[in-house]
Amino acid sequence: MSTVVTPKDVDVDVPAPVVAEDLAAVFAAKERPSRPGPLSASVTFGWRAMLKIKHVPEQLFDVTAFPIMMTLMFTYLFGGALAGSTSEYLQFVLPGIMVQSIVMITMYTGVSLNNDIERGVFDRFRTLPIWRPAALVGMILGDLLRYVLASTVIMTVGLILGFRPDGGVLGVLAGIALLVVFSFAFSWIWTMFGLLLRSEKSVMGVSMMVLFPLTFLSNVFVDPKTMPGWLQAFVDVNPITHLVSAVRDLMDGDYATTETLWVLLFSAVFVAVFGTLTMRLYNRK
């Protein structure tokens, strides 16, 4: 004859009621860590941006293969027709190609930001007790590595082909430094678009519509004096034109030029205007 076991016949250990004070004692640390400062938080997010490159090295294609292709293509396709020889044209066009390549890849800051927003990553960042702009500033700081790497690749290829800057090493470093400063400021335009537009394809499409006229309607490839008067008027006020002229002057060893001041002024305006707009959109997103 079988025996039926009822719940009353089973010994069950009933846990003691949990008290709120006990939970507080377990989860509360004895010493709360100090809140990270703006610099520390920005550098941390910059390191995160560089780790993306480590895990997805295909991102470096735009800063390695593309600049090499542009340098070789424009030097040997147009050098003889525009300057009479490829070596003379290389002295003129290499700083321009460097500027064009770096400015073109700044748009990926906005594309990457839009991608993080679509995946919900930035919703988590905004809940952290950190300086609010740190995530955006860190993302742009991480992209500085891409700018320096692209500049190094282009200069290495140029030296192999025969480019000889009169300013020497210091002139080249000064030109690259000015280009990186401008690119940092210019990237705030794309962070604004990354927050404003709905998809990364939209960000890339709008970026190309802005970048192509700015880079090609400038003094990157030819002297503006050969252009029609109405086109020269646009080229003369184009910030890319001033940037190319400043980089050429620095690489030639001419440090005291008004072009460098113009570039720094443009950079300050970009950060003040588009950085402010970006933060307003970020706070309302």
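My entries on those topics follow.

**Ground rules.** I'm working from a predicted model, where local features need pLDDT of at least 70, side-chain atom pairs count only at pLDDT 80 or more, and totals for chains, interfaces and linings use all residues. Residues are numbered from 1 along each chain as its sequence is written, and side-chain values use heavy atoms, with hydrogens and water left out.

**Confidence.** I looked up pLDDT (the predictor's confidence in each residue, from 0 to 100). The protein chain averages 83, and 86% of the residues score at least 70. Helices here are DSSP runs of H or I, at least four residues, numbered from the N terminus.

**Helix pair.** I checked helix 4 (residues 86–105) against helix 9 (residues 200–216): the angle is about 170°, with the axes 10 Å apart. Axes are lines fitted to C-alpha atoms over the stretch in contact, and angles run from 0 to 180 degrees between N-to-C directions. That makes the two helices roughly antiparallel (over 145 degrees). Helix 4 brings Q100, V103 and M104, and helix 9 brings M208, L211, F212, T215 and F216; contact means heavy atoms within 4.5 Å.

**Cavity.** I found 1 cavity of 30 Å³ or more. On a 1 Å grid over the protein atoms alone, that is a set of points where a 1.4 Å probe fits but cannot get out; lining residues have an atom within 4 Å of a point. F45, R48, A49, F122, F125, A135 and M139 line the cavity, and helix 2 gives the most, with 3 residues.

Definitions and conventions: 1 Å grid on protein atoms, 1.4 Å probe; cavity = no way out; pocket = protein on both sides within 12 Å on 5 of 7 lines; lining within 4 Å. Points joined across faces, edges and corners; volume = space filled by probe spheres on them. Parallel < 35°, antiparallel > 145°, perpendicular 65-115°, else oblique.
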